[in-house]
Amino acid sequence: MQAGTNPAANAGQDEALTRLRASPYDLHARAEFCIRACSGLTDSAQRRLPYSYAEFHTDPPIALHAPWDHADTAGRLLEALTLTRAITGASADSLDEALARTLREAQSDTGMVEIPPSPWGQREPVAELNWSPSGALLAWVTRYVATDDVDASQRARRLITALRQAAVWEGDTCWYPGAMLPPLGWTARTPPPRRAGDCLIGAQLVFPLCRAAVAFGSNDALALAAGLVRFHCERSGAFDADGRLTSLAPAQFAGATGFILGALKYGLCAGRDEVVQWATRAFRHASGYGTEFGLFPHAISGDERWQGDICASADMLATALLLGMHVGPLHFAEAERIGRNHVLESQLLDYDWVSKRLDAPFSRDLWCANHPPEGVTVDNVCNRAIGAFSSWSHPNDGFIPANPRIMLRSTAAGARSVYNMWRYAVTRPEGAVMVNLHFSRDTRWATVTSHVPNEGSVEVLMKTRGVLAVRIPDGVTTDQIEVIVNQSRPRSETIRNGYAWMEALQGGDMVTVKWPLPERAMVYNFNNQRYTGYWRGDTLLRLDPPGLLSPLYWRPLEAQSAPPHAALGTIREVESL
């Protein structure tokens with residue numbers, strides 16, 4: 001039976017949707033829908049091979065296989081499942097194994113990941129050097145650190161060796177001459193064209209390579225990351241010396257944001273302060289392409305300059321979190337605005353516009369046209385895609401008529417973002433419990449219940465003694481915060497480096513921190529369309545006008561506070577950044 005066809009399951013889903021709409025900032029509930037979406041669009045006739053795309057302006061809606069199924073999509077979905085299962089406590093199941101098998105089968109004897117031949121792709125195996133190996137590395141590193149998957153570790157190491165051997169080296173700088181590695185190796189070893197097309201070739205490898213360097217102590221991974229960073233920062237022409245995108249930047253904005261994230265991670269791992277500073281400046285310049293509520297575009301020019309890409313938003317969120325932890329805590333405010341708003345709102349919880357057959361100026365282009373029959377399904381696609389993340393969006397619409405589709409790598413990026421917000425909402429560096437993001441979260445050091453955006457308030461039940469620091473939003477002054485310990489002892493705390501600090505706490509102490517949440521209205525102009533946003537603190541509650549197909553920002557004015565869940569499953573909570 002396909003996902004979503006069981007009446008009892010549908011009733012349970014309806015109840016879960018009702019709860020999530022009443023409490024839209026519940027990351028545990030979001031993760032449950034992420035798991036559903038990562039699982040739904042897979043093909044039982046093809047041993048649970050994922051569909052990479054779905055399009056919804058066809059009648060009926062249709063999901064499609066693509067060459068990206070085998071490594072990019074499968075790898076990212078497997079990592080997303082592993083991370084979100086850590087939130088919910090759910091154990092890995094047959095789908096995790098199916099995706100892992102797909103990745104194993106895509107790795108050749110040389111160690112390189114290859115896109116295999118298929119009826120919907122090419123006739124011969126192809127070693128693509130950007131998205132496919134990065135998806136595989138993300139999955140294998142996360143599987144190793146979260147589940148002790150030794151096979152994943154071995155496969156990651158073999159892939160790193162193959163990638164390093166395929167690179168062309170000049171001193172400590174390296175590059176790949178093209179996006180596809182020829183079967184007999186490079187015939188020309190010169191750098192790729194100054195504008196390489198949609199992406200910076202090899203740039204998406206830097207972040208997973210750095211994670212592998214940390215997880216395995218791999219000097220090869222760090223050296224390859226270093227060579228690629230040097231090439232793309234200094235010789236590709238995509239960035240100027242200050243980190244600004246140039247006319248030679250990749251067409252896909254996520255190609256740039258993924259590299260900025262990777263460069264920052266490399267600078268932190270290698271202790272290269274100048275690279276950290278470059279990535280910090282590059283992040284600031286890249287922020288100018290998006291909105292303050294977290295929508296970032298597919299492209300830096302053309303029609304897709306005005307179409308949102310959740311993959312780019314996920315990169316910017318991850319970069320802001322890394323900056324918050326290692327450069328300056330004020331970056332956590334940026335991470336919260338991106339994640340709390342456009343990332344969470346881009347999770348698609350219904351497809352009512354499809355069943356209503358809305359009249360809209362849809363694209364006449366059908367990706368499924370002339371697609372082989374074994375590469376598509378029309379079986380219950382909308383219901384199986386609930387919990388997926390928007391791929392081409394407008395500020396207040398999860399779909400746009402010009403491109404009413406989703407890609408499953410976006411769902412993986414959204415799920416990874418949910419995990420990142422959950423994982424780094426509460427941390428404990430150097431013994432102090434730090435509440436960085438205003439989400440409910442139960443940890444082994446403290447239980448945090450957030451009442452944002454109903455009111456500026458978090459409650460923290462300490463499980464250890466020592467210091468507690470709660471991030472206070474920008475603009476809040478010392479005389480505007482109120483701190484109460486055990487409901488009876490008001491304390492006068494000062495704000496230091498963006499946090500209210502409380503010392504000499506004991507296990508069992510209940511600390512309540514309150515601050516004002518000002519309301520404001522902001523006007524935005526996006527592709528000659530005027531929008532008015534209504535904010536409460538850092539939460540965008542309303543955006544006018546609503547979208548034509550799937551409006552996003554219609555949040556309850558009084559949302560239920562999310563309960564703080566603890567992670568109790570067999571999959572470990574891990575460092576994802």
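Predicted model: local features only at pLDDT ≥ 70, side-chain atom pairs only at ≥ 80, totals over all residues.

Me: How many aromatic pairs does the structure hold, and why is the pair of F253 and F296 called stacked?

Reply: The structure holds 19 aromatic pairs. In the pair of F253 and F296 the ring centres are 6.4 Å apart and the planes stand at 15°; since centres within 6.5 Å make a pair and planes under 30 degrees apart count as stacked, the pair is stacked. This pair links distant parts of the chain, with F253 in helix α9 (residues 253-270) and F296 in the loop between α10 (273-287) and α11 (310-326), 43 residues apart. Both F253 and F296 are buried.

Me: What makes R340 a charge over the ring of F439, and which residue lies over the face of W501?

Reply: The charged end of R340 sits over the ring of F439 at 4.8 Å from its centre, to be set against a limit of 6 Å for the distance. Over the face of W501 lies R496, at 4.6 Å from the ring centre.

Me: Why is strand β14 described as largely enclosed by the rest of the structure?

Reply: Buried means under 20% relative accessible area, and five of the five residues of β14 (residues 446-450) are buried, so the strand is largely enclosed by the rest of the structure. A446, V448 and S450 point one way and T447 and T449 the other way, and all are buried.

Me: How do you know that β14 pairs with strands β13 and β15?

Reply: Pairing requires at least two bridges; strand β13 (residues 441-442) and β14 have two, in the antiparallel sense, while β14 and strand β15 (residues 457-462) have five, also antiparallel. V448 of β14 is the bridge partner of R441, and V448 has V460 as its bridge partner in β15. A hairpin of three residues joins β13 to β14, and a hairpin of six residues joins β14 to β15.

Me: What span does helix α3 reach against the expected one, and why is α3 called largely enclosed?

Reply: Helix α3 (residues 72-88) has 17 residues and reaches 24 Å from its first C-alpha to its last, close to the 24 Å expected at 1.5 Å a residue. As 17 of the 17 residues of α3 are buried, the helix is largely enclosed by the rest of the structure. Just after α3, G89 takes a positive phi of about 85°.

Terms used: Residues numbered from 1 in each chain as written. Heavy atoms only, no water. Buried < 20%, exposed > 50% of the residue type's maximum accessible area, 1.4 Å probe, protein only. Helix = DSSP H or I, 4+ residues; strand = E, 2+ residues; numbered from the N terminus. Expected span 1.5 Å × (residues − 1). Phe/Tyr/Trp six-rings, centres within 6.5 Å; stacked < 30°, edge-to-face > 60°. Lys NZ or Arg CZ within 6 Å of the ring centre and 35° of its normal.
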